[in-house]
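Hi everyone, thanks for coming.

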Amino acid sequence: METFLLDWSILIPLLPLVGAIVSGLLMTGQRKPAAHWPIWIGVGYAAVHSLLLLYGMISHASAAHGQAVGFVEPYWTWFAAGDFVIRWGYFFDPLTTVMLCVVCGIGFLITVFAAGYMKGEAGYFRFFAYLGLFIFSMTNLVMGENLIMLYLGWEGVGVCSYLLIGYYYEKPAAREAAKKAFLVNRVGDFGFALGIMLCFLAFGTVSYFGEGVGTGTGLLEIAGGAREGLTPFQITALQWIPFLLMLGAFGKSAQFPLHVWLPDAMEGPTPVSALIHAATMVTAGVYMIARCGTLFVGNEAAMTTVATVGAITALLGATIALRQFDLKKVFAYSTISQLGFMFVAVGVLAPVAGVFHLVTHAFFKALLFLSSGVVMHAMLGHLDMRKMSGLKHVLPKTRWLMLIGCLALAGVPLLSGFFSKDEIVAAAWHRHVALGAVLLFTAFLTAYYTFRLYFRVFEGPQLVPTTPAEDHHAPADDHAHSAHGHGHDDHGHGHDAHHHNHEPAIMIVPLVVLAIGAVLAGYLNFPVHALGHFLDQSPSYQQTEALAHSLYGEPEPTDPAAHYAFMGISAAIAIVGIALAYWLHLKDRRRGEALPQKAAPISRLLEAKYWIDEIYQGYIVEPLRWIGRASFVFDRFVIDGLVWIVGFVPQLGAFVLKYTTQRGYLQGYAVTMLLCIAVILLLIFGLW
Amino acid sequence: MNELVLQHYLAVGGILFVIGLIGFMTRRNLIVMFLCTELMFQGCALNLIAFGAYHGNLGGQVFTIMVLVIAAAEASLALGLVVLLFRHKHTLDANAWRELKG
């Protein structure tokens, strides 16, 4: 491992931050159209550095022959209060480098796409400044060497998410969605903060590996040590820490019951939905549980909770997605569902499968979101799949890209989503049949709703909306005047009003890269478990596994034949789902449209999203609002009244004095003075 | 006859002071009131000198000279003010200026 890569790793977060400052403060006015350059340079550098780190880590890990590989890179003491010393430092192991490549690599592709997508927007510089800030926070989150650094990044990405969801702040829905995302995350982060505090109270440190891997000075190594070596308080704390940390993960990764913010977050610009709300930020919870596995694994109830909540969320997200008509909303619920898969993976002690799915999902979901961004751009802001149909001739390139993304998401064999999803389902089945069955059913629903969308939007008779959507943010200059972004596709849709190029190269090229990733990412871990072996050399994983073995015994070896059988079942399920979608939404659409009437109660339940928002509104928001009103009245009349009295009494005294003694007679003043002096003298001498 | 002792001087000083005080509180003519303050000054100065002589040092006289100098300076200022006030209202009555109470 080249040490200069580690020594200069601080540039990974720093350059995007500098880019954000430059874009946000200097790239205004005339320079606005160039606002993407600082971010491209910053994030591009971060991506190159991350890839070099990954390469270095792979060569180092293969030389280490299965031993744990991890480097602590402390820079300086961030702050210190007594025993509570927090270093600004980074930790590098296979898990960190994989996460970094996902964040910076996909982040870079999305910033390139965004330059085309956001062209001509009034807030162009602001958008890119936020993106830079997001990459700064997210890289700190995955690179930080202690929980406080993680928390810094955690809150930082939360703020960026808030700012970017509310990017169109003149739109009430965007403002509300931004506030909702921030507040729902606060609920989870409250538990997360308590968990970090408890970690410090119980173990005296929040650094993952302290001075280095194997020194036994870090939180994960102390907590992962033999149970006999722990004090009773530490044992008790370990009962609570996982549940508290889990709350943070549920909030950030939109797991039931804190998933409600993610669908609304789609009010943000589409590149944001792709980057933050599909590929990177929402996977922070999975990363955190994978990283802190030793804190979770000793607590069987916590692991079961993670897996169960993941399975519930997977099913919930997939079922709601069945009855959504907005492209981005379908993908948002799909993201929730896929995050549920990842949580099941970490919950059933298969963090490799979870991170594998995280990587493949980042590729295909970013691809799907950005493709729907292209659709939205071309369809004048419309995203409703009832208003469009047969777009394969209008958007010929996007159609193929979307098809690749849909195939990967649906879990069609040989594409990335198939392998990663299959590993999770197999691990879940191995743990408990019910978990596996729920995930298999969810996989079926996934294939169905994905291809319902695809067949509705891209196949069938052509239907293109002609009037712009109400909230369409059309830039004043269209793409015909753009400096870059002239693809060479045929303009085969001259009959409609807008005949400029819908698919500029600046938007299509990043999508092609993502599509290649969506196809090939699965082969990272199949047929050879390359990614698995690499991640297994992360000290977090090794210690988690060692602790699990000492607590629950050696796992039974999985039968490779059973695994292949599983692959067959998954493939069959995906194909059945797609066939059903084909039958209901392409071959005979009337049948598909009649279906909801036949099962009206279920359809209503799904369209209302299980009334979860309404339940929150009725049982949490409204009571809180009433408490707020009561507090307001109490504050206004009791507290303010007391304060008013404190001010009023001296005022009253002064008023009385003024009208009794201050009358303007000089002699009166003299008499008063004399009397007062007399009283003072009497007090001093007379009462001595 | 009885010799003059400290108490006699103090009594004269006190009487001067009280005369000045009563004059200040009972008269409304600005000049008379000013004269009364001068009387109080002199009562105090007499006290200082008496104590100085009693203790056999010059401290009392030094203070008295100070008081006289300040009184002289203040007299010139105060009389100037009185003249100004008189020009405004053509009266020396202190109560003519009651509205200054604010």
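Let me start with a term: I'll say "salt bridge" when a side-chain nitrogen of Lys or Arg lies within 4 Å of a carboxyl oxygen of Asp or Glu. Please keep in mind that this is a predicted model.

Over all chains, the count is 16 salt bridges. One of them joins Arg87(A) to Glu211(A), with the closest N and O atoms 4.0 Å apart. That pair links distant parts of the chain, 124 residues apart: Arg87(A) is in strand S2, and Glu211(A) is in the loop between helix H7 and helix H8 of chain A. Glu211(A), at 58%, counts as exposed.

Another pair is Glu459(A) and Lys392(A), at 2.9 Å, N to O. These two residues are 67 apart, and each lies in a loop of chain A. Glu459(A) is buried at 10% relative accessibility, while Lys392(A) is partly exposed at 25%.

Now to the inside. In soluble globular proteins, nonpolar side chains tend to be buried together. Here, the largest nonpolar core has 197 residues, and Leu295(A) and Leu391(A) have the most contacts inside it. Helix H4 of chain A, residues 94–117, gives the largest share of this core, 16 residues. Which residues does Leu391(A) touch, leaving out those up to four places away in sequence? They are Val375(A), Met379(A), Val457(A), Phe458(A), Leu463(A) and Val464(A). And do look at helix H12 of chain A, residues 284–291, where eight of eight residues are buried.

Last stop, the interface. Chain A and chain B bury about 990 Å² between them, 61% of it on carbon and sulfur atoms. Helix H27 of chain A gives the most to the side of chain A that touches chain B, with six residues. There are zero salt bridges between the two chains, but three residue pairs are in polar contact across the interface.

That's my tour; I'm happy to take questions.

Conventions. Residues numbered from 1 in each chain as written. Chains lettered and ligands numbered in written order. Predicted model: local features only at pLDDT ≥ 70, side-chain atom pairs only at ≥ 80, totals over all residues. Heavy atoms only, no water. Buried area = accessible area lost by both parts, 1.4 Å probe. Polar contact = N/O pair within 3.5 Å; in protein donor to acceptor, adjacent residues only side chain to side chain. Helix = DSSP H or I, 4+ residues; strand = E, 2+ residues; numbered from the N terminus. Core = buried A, V, L, I, M, F, W, Y, C linked by side-chain atoms within 4.5 Å. Buried < 20%, exposed > 50% of the residue type's maximum accessible area, 1.4 Å probe, protein only. Contact = heavy atoms within 4.5 Å.
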